[in-house]
Amino acid sequence: MSDNKCPMHNTGADWHGAQMDFSNDMSYGDYLGLNQILHAQHPLSPNHNEMLFIIQHQTSELWMKLMLHEMRAVRTHLRSDDLPPAFKMLARVARIMDQLVHAWDVLATMTPPEYTAIRPYLGASSGFQSYQYREIEFILGNKNAALLNVHATTPEFPLLEEALRTPSIYDEAVRLLARNGLPISAERLNADPTLPTVADASVQQAWLQVYGDPTRYWALYELAEKLVDMETAFRFWRFRHVTTVERIIGFKTGTGGTAGVSYLRKMLDVVLFPELFALRTEL
Ligand code: HEM
Ligand SMILES: N[C@@H](CC(=O)c1ccccc1NC=O)C(=O)O
C-alpha cells in the first residue's frame with residue numbers, strides 16, 4: 001500500500017484522489033481571495049443579528065459589482081451595434097436583480113428590536129452612500145449630479161463623475177434606433193448626458209414603429225423587451241427595499257439624513273425608460 005492511502009486512518013493524505021497539499025499550488029481560497037472576503041466582517045455591536053446585516057450588504061455589493069461589469073459591457077456592445085452579446089448580458093443583469101429582490105426575504109427575518117440594537121452603532125452610514133448603487137442608477141439613466149457630493153471626499157469620486165458624464169445604456173439604445181433609420185429628434189440625440197432621461201415624442205414614435213413591425217425590427221424589439229425586463233426587476237428591488245425598511249424601522253428618519261420611508265417611496269416613481277412604458281397604452 002502506498003504511503004498516502006491509509007484506509008484505517010483517513011489522515012487526509014488521500015480522499016478519492018483529491019489533491020490535499022496546496023503549499024505549492026493555487027487553491028480554491030487563493031483563487032477566490034477568501035482570506036480577504038471572509039475576514040471582512042467586523043460587527044460593532046454585541047448583537048447576534050449584526051452578522052446578517054453585514055453579510056446582506058456585502059453580498060448585495062458583490063452582486064452590484066457583477067451587474068456593473070455586465071452593464072458597462074452592454075453599453076459598449078450597443079455602441080458597436082453588436083446586439084446578441086448585449087442581450088445575453090441584459091438577461092443576466094435582470095436575473096441578478098431578481099436575486100437581490102429575493103435577498104430581502106433573508107433580511108426581513110430581522111425584527112425591529114433586533115435592528116434597534118444594532119442601529120446606534122451604524123452612525124451616519126447608510127446605503128445612500130453606496131457608490132456602486134449610484135453608478136447603477138447613473139448607467140440606467142437616473143442621473144443626479146447633486147448626489148455626487150456625498151462621494152466628494154472619497155477615492156471613487158472621479159469614477160462616479162465619469163459615470164455621470166457617460167451616456168446611459170438607454171441613451172445608447174436611442175442612438176441605435178437612430179442608426180437603424182428611425183427618426184429621433186436632434187434635441188434627444190444631443191441631450192445633456194449628466195441630466196436624467198426625459199421622455200421624448202420621437203423616441204416613443206420610434207419604439208411604436210418597432211412594436212408595430214417586430215419581424216422587420218426584431219433585434220430592436222428584443223432589446224426593448226430586455227430593457228423592460230431590467231427596469232421591472234429594478235422596480236421590484238426598490239419596492240422590496242421600502243417595504244422591508246418600513247417593516248423594520250417604520251417612519252424613523254434615515255441614518256443617511258433623509259426622511260426615510262417617504263424618501264424611498266418617492267424613488268418608486270422614477271421611470272428609467274419612459275417611452276417603453278408609455279407606448280404600452282398605444283398598443
Ligand atoms: C434594515 C435594513 C435597512 C434599512 C432600515 C434601510 C434604510 C434605508 C433608508 C432609511 C434609506 C434612505 C437614506 C437614509 O436616510 O439613510 C436607505 C437608502 C438606501 N439603502 Fe437601505 N436600508 C436597509 C437595507 C438595505 C440593504 C440590504 C441595501 C442593499 C445594498 C440597501 C441599500 C440602500 C441604498 C442603495 C440606498 C439609497 C437609495 C436611493 O438613494 O435611492 N439598504 N436605506
Ligand atoms: N439607513 C439605515 C441604515 C442602513 O440601512 C445602513 C447602514 C449602514 C450600512 C448599510 C445600511 N443599509 C442601507 O441603507 C437606517 O436608517 O437605519
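The model is predicted, so local features need pLDDT of at least 70 and side-chain atom pairs count only at pLDDT 80 or more, while totals for chains, interfaces and linings use all residues. Residues are numbered from 1 along each chain as its sequence is written, and chains are lettered from A and ligands numbered from 1 in the order in which they are written.

**Around ligand 1**

- There are 23 residues around ligand 1, and Ser126, Gly127, Gly254, Gly256 and Thr258 come nearest. A residue is near a molecule if its C-beta atom, placed from the backbone, lies within 6 Å of it.
- Helix H3 (50-79), helix H11 (218-249) and helix H12 (261-267) are the elements that give two or more residues to this shell. Helices here are DSSP runs (H or I, at least four residues), numbered from the N terminus.
- With 4 residues, H11 gives the most to the shell around ligand 1.
- By class, the shell around ligand 1 holds 10 nonpolar residues, 13 polar and no charged. Ala, Val, Leu, Ile, Met, Phe, Trp, Tyr, Cys and Pro count as nonpolar, Asp, Glu, Lys and Arg as charged, and the others, Gly among them, as polar.

**Around ligand 2**

- Ligand 2 has His57, Arg119, Leu122, Ser125, Ser126, Gly127, Ile249, Gly254, Thr255 and Gly256 around it.
- The shell around ligand 2 divides into 2 nonpolar, 7 polar and 1 charged residues.

**Positions from the UniProt record**

- An unreviewed UniProt entry places the feature "binding site" at Phe53, Ile54, Ile55, Gln56, His57, Tyr115, Arg119 and Thr255. UniProt positions are given in the numbering used here, feature names are shortened, and annotations may be inferred rather than shown by experiment.
- Ile55 sits in helix H3 and counts as partly exposed because it has 14 C-beta neighbours inside 10 Å. A residue is buried if 20 or more other C-beta atoms (placed from the backbone) lie within 10 Å of its own, exposed if 12 or fewer, and partly exposed in between.
- Thr255 belongs to the loop between H11 and H12, and is partly exposed because 18 other C-beta atoms lie within 10 Å.
- Neighbours within four places in sequence aside, Thr255 is in contact with Leu122, Ala124, Ser125 and Ser126. Contact means that the C-beta atoms of two residues, placed from the backbone, lie within 7 Å.
- UniProt also places "binding site" (unreviewed entry) at His241, a residue of helix H11. His241 has 19 C-beta neighbours inside 10 Å, so it counts as partly exposed.

- In the largest nonpolar core, which has 37 residues, Val93, Ile169 and Ala173 have the most contacts. Such a core is a set of buried Ala, Val, Leu, Ile, Met, Phe, Trp, Tyr and Cys residues joined through C-beta atoms within 7 Å.

**Towards the end of the numbering: Glu282**

- Glu282 lies in the segment after helix H13 (274-278), and is exposed because it has 11 other C-beta atoms within 10 Å.
- Glu282 and Leu208 are 74 residues apart in sequence, with 8.1 Å in space from C-alpha to C-alpha.
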